[in-house]
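Please read them with the coordinates open.

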Amino acid sequence: MWNSIRADEFCESVRDGTHDTPKQQSFGYKLVTSKHIQDGLIQPDDAYYISEDDYKKINERSKVEKWDVLMAMIGNGLGRSAIVESNPDYAIKNIALFKMGGNEVKAKWLHYFLSTNYTQQVIINYLQGTGQPFLSLSLLRKFKVPNPPLPTQQKIASILSAYDNLIQNYKKQIEALQTAASELYKEWFVRFRFPGWQTTKFEDGIPEGWKVERIGTLYDSTSGGTPSREHDEYFQNGTYPWIKTGELKDCPIIETEESITDEAINHSSAKLFEKDSLIIAMYGATIGQLGINKMKATCNQACCVLRPKKEKAFGIYYLFHFFKENREFIIGLGNGAAQQNLSQVLINKLKIVNPNKEILEIFEEKESMFFEKVYHLQQQITNLTQQRDLLLPRLMSGTINIK
């Protein structure tokens, strides 16, 4: 076993960002919070802007630099960590800052240690507060970190980084495929530059022969249900994937966190639906998010499931892009008092252009190729993640001998 030392001995220092809420600006410097720590990375795209004065004030005590490690210490994603891999231009709120002095190896070692199930359980045991649990800075400074020789840290970090680098590479490929798929939809059905458009006549702004119809005319819709948690037999050894709105991420769905049993389906409003159905979140934090299931599945009541009517040769990928490209408008139609809500009735009343059958079939074939490639990359990511997560605790504990 390796000796362990306190986090404030392993690092140059352990600090935290602001816990105040600086005034939001229309431009300036971004304020990164716990929710922006995802998949071991800082993803600040939707972080809001703060003034230069607030940015400087926060950074007087908690300036983030390359190869520092950040960890959520309160709120969304508590316990998640990330390595700062480039020179940052943001300030932090409700985040612990482990200053690593530019040491890449030690930064990676600490991040991977913080990611182990063992450490996550210790974090849970350390939590304070009743309303909103948090990790105190004093506890984090005393946190015990294994400290093998630096060459050992480097070898182990290199092994785990190889998995993460490949996973990130696959994610970038997925983003490129999604962009190409969206561009094809916009080119054909927004700009109307589909095959043969040059000789096509237009009537009322759409190609001649195309129709505007309601989604309910072209698709069958349903929603799901949540089996009672009071019955363990509804979830234990479940065989039917049960999709929740948080699992809708505008991608094919290849796995779910939970599965349910036949008994659960028989005693709840959850329904089994066919693969390659379109699922849309009707309310909650993920309202408007989409998914296409790659296996027979069920879902909760916050999801609407759409499938082409049997007598209609209509496309699931076409519908996916319709919802994605019109998401803000469709969400704006929601009329919930406390929060915006969609409903099956509202969704079925939406109007959509029904294109020429031949054009639609060509489009669906091209789109299916994009989505299949995304699906296979997702499978690769899942496999790599599982392999990394199996190796992680064994490497970090010294169970596997690294030579």
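1. Basis. This is a predicted model, in which local features need pLDDT of at least 70 and side-chain atom pairs count only at pLDDT 80 or more, while totals for chains, interfaces and linings use all residues. Residues are numbered from 1 along each chain as its sequence is written, and side-chain values use heavy atoms, with hydrogens and water left out.

2. Overall. The protein chain contains twelve helices and 23 strands (DSSP runs numbered from the N terminus, with helices being H or I of at least four residues and strands E of at least two). Its C-alpha trace spans about 75 × 55 × 45 Å along the principal axes. Of the 403 residues, 47% are buried; here buried means under 20% relative accessible area, exposed over 50%, and partly exposed in between, with a 1.4 Å probe and protein chains only.

3. Nonpolar core. The largest nonpolar core has 42 residues (a set of buried Ala, Val, Leu, Ile, Met, Phe, Trp, Tyr and Cys residues joined through side-chain atoms within 4.5 Å). M71, F98, M100, L110, L140 and M396 have the most contacts inside this core. Elements giving two or more residues to it include strand 7, strand 10, helix 3 (104–115) and helix 6 (150–189). Helix 12 gives the most, with eight residues. In soluble globular proteins, nonpolar side chains tend to be buried together.

4. How many salt bridges does a search of the whole structure find? The count is 20, where a salt bridge is a side-chain nitrogen of Lys or Arg within 4 Å of a carboxyl oxygen of Asp or Glu. One of them joins the side chains of E65 and K99, at 2.7 Å from N to O. E65 is in the loop between helix 2 (52–62) and strand 7 (69–72), and K99 is in strand 10 (residues 95–99), so this pair ties together parts that are 34 residues apart in sequence. E65 is partly exposed, at 39% relative accessible area, whereas K99 is buried at 5%.

5. R191 and E183 form a salt bridge through their side chains, at 3.3 Å from N to O. R191 is partly exposed at 40% relative accessibility, and E183 is partly exposed at 35%. A network of salt bridges links E183, K186, E187 and R191.

6. R388–D389. The side chains of R388 and D389 also meet in a salt bridge, with an N to O distance of 3.1 Å. R388 is buried, at 18% relative accessible area, while D389 is partly exposed at 39%.

7. Negative patch. Which residues form the negative surface patch? The patch consists of D232, E233, D262 and E263. Patches are made of residues with over 30% relative accessible area and no salt bridge, with like charges joined within 9 Å and nonpolar side chains (Val, Leu, Ile, Met, Phe, Trp, Tyr) within 5 Å. Areas come from the Shrake-Rupley method with a 1.4 Å probe, and for residues only the protein chains shown count as cover. Lys and Arg count as positive and Asp and Glu as negative, with His and the chain ends not counted; the place of a charge is NZ of Lys, CZ of Arg, CG of Asp or CD of Glu. D232 is found in the loop between strand 15 (219–223) and strand 16 (240–243) and is partly exposed, at 48% relative accessible area.

8. Positive phi values. Two residues deserve a look. N94, which is not a glycine, has a positive phi of about 55 degrees. N94 is in the loop between strand 9 (90–92) and strand 10, and is buried at 17% relative accessible area. F192 has a positive phi near 60 degrees and is likewise a residue other than glycine. F192 lies in the loop between helix 6 and strand 12 (202–203), and is buried at 14% relative accessibility.

9. Two C-alpha distances. S13, in strand 2 (residues 13–16), is buried at 17% relative accessible area. The C-alpha atoms of S13 and Q43 are separated by 24 Å, with the two residues 30 apart along the chain. A270 is in the loop between helix 8 (262–266) and strand 19 (278–281), and is buried at 3% relative accessibility. A270 and I260 are ten residues apart in sequence, and their C-alpha atoms are 9.3 Å apart in space.
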